[in-house]
Amino acid sequence: MKEPQTPATPPTTAPAPARRPGGRSARVRTAVHQAVTELIAERGYGTFTVGDVATRAGVADSSIYRRWGTLEALLMDAVVSRLTEHSPVPDTGSLRTDLRSFAAKAAEDVTGPDGLALLRTVLAALATGPGGESARDQFLAVRSEQLQGMLERARARGEDAPDVLGVLDGVLAPIYMRVLFGVVPLTPEYVDGLVESTLARCSG
């Protein structure tokens with residue numbers, strides 16, 4: 001008598017690996033931002049096109065147009081990304097140490113390998129012309145929002161704190177201008193001195 005045959009078990013298929021949300025999109029954005037920074041450092045603003053950026057980044061120029069629309073919009077996105085992602089606002093529990101850390105990071109950013117290119121990008125995006133006012137507002141909104149949170153925390157602790165414009169004028173503007181005009185290095189003593197002067201003005 002024939003033994004009953006057990007039905008063959010169908011082979012199991014391993015589930016497809018979950019796709020990481022935004023993974024490719026994030027890589028493209030990083031590559032495009034880096035291409036923009038490199039091209040500005042090598043050639044200066046106004047000497048390259050979206051096609052040049054696409055070639056350097058290894059993406060289709062249609063992808064850049066679809067996501068950013070114009071070269072100017074791409075430039076500003078690269079700057080804002082650098083400010084928000086590479087220069088987080090410190091929260092040390094003291095306004096003095098917060099500002100010192102913030103100022104030191106700002107000085108490090110603009111004196112690093114891509115620092116001058118970053119500042120040139122800002123100036124180019126803020127230059128008079130179509131979209132200039134929008135670019136300026138976007139740039140200031142990001143920087144101001146970063147600083148506002150730091151200053152509000154200080155006031156909640158009972159510390160005297162300058163307003164956002166006081167920090168922009170007293171700390172960031174001198175750092176940026178020194179780099180643009182080649183008055184470097186920015187020593188830690190000089191950067192800390194900017195912070196101390198700004199705090200003295202708001203408590204005097």
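Q: Is D98 buried or exposed?
A: Buried means under 20% relative accessible area, exposed over 50%, partly exposed in between (1.4 Å probe, protein chains only). D98 has 0% relative accessibility, so D98 counts as buried. This is a predicted model: local features need pLDDT of at least 70, side-chain atom pairs count only at pLDDT 80 or more, and totals for chains, interfaces and linings use all residues. Residues are numbered from 1 along each chain as its sequence is written, and side-chain values use heavy atoms, with hydrogens and water left out.

Q: Where is D98 found, and which residues is D98 in contact with?
A: Helices (H or I, at least four residues) and strands (E, at least two) are DSSP runs, numbered from the N terminus. D98 sits in helix α5, residues 95-111. Contact means heavy atoms within 4.5 Å. Beyond its neighbours within four places in sequence, D98 contacts P90, D91, T92, G93, M150, R153 and R157.

Q: How many helices and strands has the chain?
A: There are 9 helices and 0 strands. Of the 204 residues, 37% count as buried.

Q: How are two packed helices described?
A: By the angle between their axes and the distance between the axes. Axes are lines fitted to C-alpha atoms, for helices over the stretch in contact, and angles run from 0 to 180 degrees between N-to-C directions. Helix α2 (residues 50-57) and helix α3 (residues 61-68) pack at about 115°, with axes 8 Å apart. V50, G51, V53 and A54 of α2 meet D61, I64 and Y65 of α3.
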